[in-house]
Structure formats: structure tokens, C-alpha cells
Amino acid sequence: MSDNASAPTSPTAPASPAPLALLGLGAMGTALARTWLAAGHPLTIWNRGPGRTAELALRGARVADSAAEAVAARPLVVTCLLDDASVREALADADLTGKDLVDLTTSTPAESRARAAWAAERGARFLDGGIMAVPPMIGAPGAGGHILCSGSRALFDQHRDVLGVPAEIRYVGEDFGLAALYDVALLSAMTAMFAGARHAFALVEGAGIDRKEFGGLVADWLTAMAPATAAYGAPSPPGDTTSPAVVAAGDAALLRTAREQGVDTALLEAAAGSVTGI
């Protein structure tokens with residue numbers, strides 16, 4: 001983590017709820033909107049497609065007819081859209097002069113840095129963000145969700161209270177690309193974990209094993225092993241606790257079993273030997 005990074009801040013509402021605009025009402029955007037409205041924040045919303053604003057309007061949100069109208073309505077603008085191209089398209093006709101723009105759309109580090117430069121050219125101050133949560137975690141203290149932010153520390157400090165309402169918030173550094181890098185790196189770990197779980201279920205398919213019971217074993221085993229992943233953050237690689245011969249034999253058994261069960265071995269071949277020292 002950057003030297004400028006801060007410890008996470010628990011979700012909390014400021015004494016005087018700050019007004020903001022939210023662009024994008026997918027499952028995550030809707031969860032964000034509900035949480036900000038519940039905390040008393042004056043909220044203007046916009047979504048490209050119809051049919052997702054009625055419930056939020058009943059909760060007190062102001063519905064804008066266009067993204068440009070939503071941006072004009074509030075000094076703080078949050079985007080939670082499909083991708084980086086969607087952000088550019090949605091804000092194409094908006095006047096960003098003097099606005100504070102926080103982009104929570106999943107993007108690459110390079111895209112985030114380019115978006116920051118684009119926002120500056122349009123007269124806006126910019127923070128990039130990554131949401132490490134699924135919608136049910138939003139507005140649920142202790143659920144494990146995080147919002148990661150990078151960019152100006154002063155801008156982050158100005159808005160940390162409102163940005164920290166939906167989930168614990170963490171500042172990760174001045175480099176605009178850091179939040180995206182954290183986001184994608186953590187999502188990559190999650191993706192590999194789920195791929196491993198799917199591989200495990202593929203191995204037992206057709207063997208007469210109770211899938212629900214086996215699913216519980218998979219979850220318990222992954223939970224038990226999860227703390228060991230922190231060892232990869234050590235200044236030097238974790239020390240070997242298992243001999244290379246034992247690791248190689250174990251990897252070979254995994255591959256042979258997959259072949260016997262008719263399951264693709266690409267995932268195992270990519271990961272072979274990666275658990276050494278854990």
C-alpha cells in the first residue's frame with residue numbers, strides 16, 4: 001500500500017448530509033442510491049434505461065432527464081456505470097466545470113489515469129474508486145465491503161464522509177490508477193478462487209456425491225486456507241515448508257485426477273507449484 005494510504009473508515013453519515021448526483025442505476029448503483037438516501041443525503045439520479053428510478057424517487061431522489069442535468073444539479077458527481085467508455089459517453093454533454101467527479105466504474109489503471117486527465121481538461125476535480133463489494137454488502141456495516149479511492153488526498157478528505165456511507169472506505173494513494181489496480185488485483189484473486197471451486201465441482205460431477213454437502217466442505221476449506229494468502233505480501237517469498245518433491249507429487253496427482261475425471265487441466269497447469277511455501 002502507498003505510504004499515503006489510510007486505514008479503512010467505517011460507514012458513517014456526516015452531521016450535515018452532503019448533496020450528490022449518481023449516474024448509473026444497475027444493481028450496484030441502486031444499492032448505493034438507497035444507502036445515501038437512507039442516510040439523508042439529497043440525491044439526484046440518472047440512468048440510461050427507464051424503469052429503475054421510480055422506487056428511488058419514492059424514497060426522495062430527484063430524477064434527472066439527462067446525465068448533463070444530473071451533473072448540473074449537484075457539486076459532487078458519482079459515476080457507477082458499465083465501463084470506461086460508458087462514463088465518457090454519459091458525460092459527453094455535461095458541463096464539469098467546478099465539479100468533483102468520483103468514478104466508481106471498474107476500469108484499468110491506465111484508463112483511470114486517462115479519465116483523470118480528461119476530467120481535469122473539462123474543469124473537474126477527480127477521484128478514482130473501486131467497489132470491493134457485491135450489492136447486498138452496501139449499507140451493511142461489518143459485511144466486508146470496501147470502497148477504495150485514489151487521487152488527491154485533499155479531495156478524498158473533503159468527501160470521505162459521504163463516500164464512506166455505503167461501505168468502509170480506504171484511501172490508497174495519489175496515483176489515480178491505484179484504486180483500479182487494487183480493485184482488479186483483488187477481483188483477479190476472487191476470480192481464480194471461484195474458478196478453483198468450479199473445477200472442484202466438475203471433478204465430483206457424476207460421482208454420486210451430495211453437491212450441497214460438498215459445497216459446504218469447499219467453503220469451509222477455502223475459509224480455513226484464506227489467511228495463508230497474506231504470506232504473499234511478505235517482503236520476500238514465504239519460506240518453503242514443503243519439499244519440492246512433495247509439491248511436485250501433489251501437483252501431478254491433481255493433474256492425473258482431472259484427466260481421469262475428464263476435466264480440463266488448464267487451470268491446474270497454470271497454477272502448478274504456486275502453493276509452495278503455504
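How many helices and strands does the protein chain have? Its secondary structure comes to 10 helices and 8 strands, where helices (H or I, at least four residues) and strands (E, at least two) are DSSP runs numbered from the N terminus. Keep in mind that this is a predicted model, in which local features need pLDDT of at least 70 and side-chain atom pairs count only at pLDDT 80 or more, while totals for chains, interfaces and linings use all residues. Residues are numbered from 1 along each chain as its sequence is written, and side-chain values use heavy atoms, with hydrogens and water left out.

**The chain as a whole**

- Of the 278 residues in the protein chain, 40% are buried; buried means under 20% relative accessible area, exposed over 50%, and partly exposed in between (1.4 Å probe, protein chains only).
- If you take the contacts with a separation of 6 or more, 62% of them come from residues 24 or more positions apart, a contact being heavy atoms within 4.5 Å.
- The accessible surface of the protein chain is about 14,100 Å², and carbon and sulfur atoms own 59% of that; the areas come from the Shrake-Rupley method with a 1.4 Å probe, and for residues only the protein chains shown count as cover.

**Salt bridges**

- A search of the whole structure turns up 11 salt bridges, each one a side-chain nitrogen of Lys or Arg within 4 Å of a carboxyl oxygen of Asp or Glu.
- One of them pairs Arg34 with Glu55, at 2.9 Å from N to O. Arg34 sits in helix H1 (residues 27–38) and Glu55 in helix H2 (residues 54–58), so this pair ties together parts that are 21 residues apart in sequence.
- Both ends of that pair are partly exposed: Arg34 has a relative accessible area of 35%, and Glu55 comes in at 30%.
- Another salt bridge links Glu269 and Arg259, with the closest N and O atoms 3.9 Å apart. Here the pair ties together parts that are 10 residues apart in sequence, because Glu269 lies in helix H10 (residues 266–271) and Arg259 in helix H9 (residues 244–260).
- Glu269 is partly exposed, at 45% relative accessible area.
- There's a network as well: salt bridges that share partners join up Arg34, Glu55 and Arg59.
- Arg153 and Asp157 also form a salt bridge, their closest N and O atoms being 3.0 Å apart. The two are about one helical turn from each other, because they sit 4 residues apart in helix H6 (residues 153–163).
- Arg153 is partly exposed at 25%, and so is Asp157 at 37%.

**A buried arginine**

- Arg74 sits in the loop between helix H3 (67–73) and strand E4 (76–79).
- Arg74 is buried yet has no salt bridge, and the nearest side chain of opposite charge, Glu69, is 10 Å away. For charge, Lys and Arg count as positive and Asp and Glu as negative, with His and the chain ends not counted.
- Setting aside neighbours within four places in sequence, Arg74 is in contact with Pro19, Leu20, Ala21, Pro42, Leu43, Thr44 and Lys99.

**Cysteines and Ser86**

- The disulfide count is 0, with a disulfide taken as a pair of cysteine sulfur atoms within 2.5 Å.
- Cys80 is buried at 11% relative accessibility, and Cys149 is buried at 0%.
- Ser86 belongs to helix H4 (residues 84–90) and is buried, with 12% relative accessibility.
- Not counting residues up to four places away in sequence, Ser86 touches Arg48 and Leu81.
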